[in-house]
Amino acid sequence: MDPMIRLILAQGMLGLNNGVFYAMLSLGLAVIFGLLNVVNFAHGALYMLGAFLALILYSYAGAWVGLDALHIGFWPALIIAPLLVACFGMLIERFMLRRLYKLDPIYSLLLTFGVTLVLQGLFINFFNASGTPYPGMPESLRGVVNLGFMMFPKYRLFVIIFSIVVCFVVWYMIERTRIGSRLRAGTENPELVKAFGINVPLMVMLTFGFGTGLAGLAGVLAAPIYSVSPLMGANLIIVIFAVVVIGGMGSIAGAVVTGFSLGLVEGITKVFYAPAANTVIFLLMVIILLVRPNGLFGRQG
Amino acid sequence: MSTTTLTKPMLKIENLHAWYGESHVLHGINLELAEGQLITLLGRNGAGRSTTLRSIMGMVDRRTGSIAINGEEFITKPAHRITPDGRIGFCPEERGIFGSLTVEENLMLPPAVGPDGMPIEELFEMFPNLANVRKRMGTRLSGGEQQMLAIARILRTGARLLLLDEITEGLAPVIVKTLGRVIRDLKSRGYTIVLVEQNFRFAAPLADRHYVIEHGEVVDTIESGDVESSMDRLNHYLSV
């Protein structure tokens with residue numbers, strides 16, 4: 001195989017691996033924005049929380065309850081951590097955000113920004129700002145697979161496939177099922193949906209929990225790849241917002257497709273001019289906003 | 001004003017006041033109807049007819065007084081319990097078709113409130129126009145299709161008390177005629193119906209009783225038998 005193509009494919013795979021996190025995080029953000037009209041700035045911090053919960057479950061939880069040998073591993077964490085993050089998200093919605101719906105959206109943005117700072121502060125205080133490696137990667141996902149053009153870590157391949165499945169399931173649920181049609185209807189006319197006998201406040205709380213749970217899930221998936229650090233979400237959230245803006249605020253398909261694509265673009269840019277890789281996303285954002293102010297998949301508003 | 005009291009009203013509203021924010025919109029509405037009856041709320045735009053329906057549905061900022069359905073008090077119920085507990089089907093003035101949902105999704109959206117909702121196929125028989133546009137998005141429907149969908153949607157849920165707001169507004173005469181046939185059919189099947197109507201010619205042959213609303217109050221009640229002799233009064237109330 002031509003070495004150049006090989007290099008592009010290899011960087012593409014690594015880029016796709018970042019794209020996974022862009023897609024999953026912007027997906028949750030899009031779900032929340034679409035239904036609640038809330039720009040959840042805390043999304044990065046909740047992703048970080050998911051990663052930390054996985055770390056805590058493995059390295060600390062056992063010792064806390066006096067069972068030093070107990071390490072709650074990756075697979076249970078993949079379920080437990082997102083659920084805990086979702087519960088935390090629902091508490092934020094129920095006791096804080098709900099009071100702000102009648103105000104300008106800037107208030108909920110500021111509130112979630114505040115939540116971010118508090119969470120980051122707490123974790124820096126207890127775990128310090130430098131990263132901690134997650135030791136709980138499952139045995140079955142260690143090692144590499146030969147993709148023909150490169151040796152690729154098995155775990156990363158798992159993450160890519162798993163995330164594509166999750167994104168598809170979420171998209172399908174929202175666009176094709178009865179629950180999804182209620183969510184979409186609730187976005188359009190919450191008052192009437194309530195008048196049909198649907199408990200809209202409960203639906204909103206569960207949706208917020210679901211969106212934040214997705215952030216937690218992404219955090220668990222990220223833990224074995226990146227080191228777990230209080231600022232891991234802060235570094236990502238800016239890119240995520242770019243993804244959401246490019247995809248079109250509130251568009252589920254837009255968030256997913258743009259997330260994966262921008263990961264790819266970023267990866268492939270590294271082949272040609274590595275220093276531009278971090279900027280290319282924002283350059284694209286500027287161009288797309290100029291041409292299509294509602295984003296690639298946004299409804300013309 | 002007539003003071004006939006029904007022995008067993010399905011819906012009985014007493015001294016209903018309602019507010020949007022600071023503005024006091026309803027000033028003590030009283031009305032009642034028995035199961036299987038059809039009443040109309042007549043009056044000029046802004047008189048408080050739609051607000052009366054929206055108050056029943058809990059879609060106003062504040063309401064006081066009494067709204068009893070089959071003897072049960074509804075004034076304190078949270079909005080999302082009103083439809084299922086009262087087996088109500090509400091068809092709002094702006095029709096409330098969801099543009100991001102298909103016709104079928106719109107039909108399936110409201111949860112069932114009773115056991116004997118009409119099956120989809122029967123609804124498509126009643127509104128053949130809808131059968132041809134099943135997969136079409138709500139935004140791409142004509143006004144008549146939207147109105148039929150809004151009615152079909154609540155018949156599927158098994159609602160027995162229908163609150164229909166200005167269903168003929170802005171529709172072609174041929175569609176209005178179809179709707180008239182549908183309402184008559186529904187009445188013969190025992191549905192209880194409150195009709196907010198601008199079009200008196202549409203409402204007159206269907207109703208058991210007319211309530212005339214002005215400035216948030218019922219100013220007159222006319223039984224269907226007295227319509228002929230009350231035409232002067234009615235013209236006065238409804239003249240623009």
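**Hairpin, sheet and interface**

Mentor: Start at His215(B), which takes a positive phi near 50° in the hairpin of β9(B) and β10(B). Two residues lie between those strands. Helices (H or I, at least four residues) and strands (E, at least two) are DSSP runs, numbered from the N terminus.

Trainee: Before I go on, what are the ground rules here?
Mentor: This is a predicted model: local features need pLDDT of at least 70, side-chain atom pairs count only at pLDDT 80 or more, and totals for chains, interfaces and linings use all residues. Residues are numbered from 1 along each chain as its sequence is written, and chains are lettered from A and ligands numbered from 1 in the order in which they are written.

Trainee: How many bridges pair β9(B) and β10(B)?
Mentor: Six, in the antiparallel sense. Strands pair if DSSP finds at least two bridges between them. Tyr211(B) has Thr221(B) as its bridge partner in β10(B).

Trainee: And which residue of β9(B) is the bridge partner of Leu41(B)?
Mentor: Tyr211(B) again. Leu42(B) is partnered with Val212(B). Strand β3 (residues 38-42) of chain B runs parallel to β9(B), joined by four bridges.

Trainee: Why is β9(B) largely enclosed?
Mentor: Five of the six residues of this strand (residues 209-214) are buried, so the rest of the structure largely encloses β9(B). Buried means 20 or more other C-beta atoms within 10 Å of the residue's own, exposed means 12 or fewer, partly exposed is in between, and C-beta atoms are placed from the backbone.

Trainee: What's the strand order in the open sheet?
Mentor: β6-β7-β8-β3-β9-β10 in chain B, six strands with mixed pairing. The edge strands, β6 (88-91) and β10 of chain B, each pair on one side only.

Trainee: Which helix lies across β6 and β7 of chain B?
Mentor: α6 (residues 143-155) of chain B, running at about 170° to β6(B). Axes are lines fitted to C-alpha atoms, for helices over the stretch in contact, and angles run from 0 to 180 degrees between N-to-C directions.

Trainee: Switching topic: how many residues of chain A are in contact with chain B?
Mentor: 16, against 19 residues of chain B. Contact means C-beta atoms, placed from the backbone, within 7 Å.

Trainee: What gives the most on the chain A side?
Mentor: α7(A), with six residues.

Technical notes
Contact = placed C-beta atoms within 7 Å.
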